[in-house]
Amino acid sequence: MRSKHCQTCQHCVRRYDHHCPWIENCVGERNHRWFVLYLAVQLLVLLWGLHITWTGFSYAPSWSLWLRSNSVLLTVCVLLALLALIVLLLLGSHLYLISMNITTWEFMSRHRISYLKHCGAEENPFDRGAAPNLWGFFCEWGSVVWEQVYFREGNDPV
């Protein structure tokens with residue numbers, strides 16, 4: 001039910017989330033956990049690099065001397081902070097969507113998906129609550145029969 005054919009890599013992906021240009025692959029049911037782990041590790045590395053850059057600044061008696069001696073480090077620090085912010089926002093948005101048990105594709109294209117068209121704007125038939133959704137995502141391995149989850153609460157078939 002939640003699968004989609006990716007136009008970029010020409011594969012059918014089970015529980016399709018999105019096609020990621022960073023890893024040049026689709027993010028779906030089997031690698032979504034690894035993608036979130038990748039984002040978390042990437043954020044840690046960027047923060048570590050930001051810390052190393054911050055500790056590299058040297059003292060200078062005036063602003064002009066300080067800027068002259070630390071201009072490269074300042075540029076690197078600003079770049080790392082920007083990248084860390086982007087990765088933090090991306091990781092936060094994925095954790096939010098995971099807590100709602102909805103994929104990026106379902107969140108962005110809700111109006112075009114046949115099994116979500118009959119749902120209200122705030123209704124998600126896959127949502128079991130934040131804690132069970134996070135537990136199911138990070139701690140339960142194996143594939144899920146989404147049709148059973150979708151029709152479990154007495155929803156009318158589409």
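Is Trp-34 buried or exposed, and what is its relative accessible area?

Modeller: Trp-34 is exposed, with a relative accessible area of 52%; buried means under 20%, exposed over 50% and partly exposed in between, for a 1.4 Å probe and protein chains only. The model is predicted, so local features need pLDDT of at least 70 and side-chain atom pairs pLDDT 80 or more, whereas totals for chains, interfaces and linings use all residues. Residues are numbered from 1 along each chain as its sequence is written, and side-chain values use heavy atoms, without hydrogens or water.

Trp-34 belongs to helix H1, which spans residues 32–55; helices are DSSP runs of H or I with at least four residues, strands are runs of E with at least two, and both are numbered from the N terminus. From Trp-34 to Phe-138 the sequence separation is 104 residues, while their C-alpha atoms lie 10.0 Å apart.

Phe-138 is part of helix H4 in the set of residues that meet H1: His-32, Arg-33 and Val-36 of H1 touch Gly-136, Phe-137 and Phe-138 of H4, contact being heavy atoms within 4.5 Å. By class, this contact comprises three nonpolar residues, two polar and one charged. Ala, Val, Leu, Ile, Met, Phe, Trp, Tyr, Cys and Pro count as nonpolar, Asp, Glu, Lys and Arg as charged, and the others, including Gly, as polar. H4 covers residues 130–139, and its axis lies 9 Å from that of H1 at an angle of about 95 degrees. H1 is therefore roughly perpendicular to H4, a term for angles of 65 to 115 degrees.

Within H4, the buried residues are Asn-133, Gly-136 and Phe-137. Viewed down the helix axis, the buried residues of H4 fall within an arc of 95 degrees and so line one face; the arc is taken over directions from the axis to the C-beta atoms. Ala-131 and Trp-135 are exposed on the face of H4 turned away from that buried side. The cover over the buried residues of H4 includes H1 and H2.

H2, residues 63–100, also packs against H1, at about 155 degrees and with the axes 9 Å apart. These two helices are therefore roughly antiparallel, as angles over 145 degrees are called. The contact of H1 with H2 has 22 nonpolar, five polar and no charged residues. Both angles run from 0 to 180 degrees between N-to-C directions, with axes fitted to C-alpha atoms over the stretch in contact.

Conventions
Angles under 35 degrees count as roughly parallel, over 145 as roughly antiparallel, 65 to 115 as roughly perpendicular and the rest as oblique.
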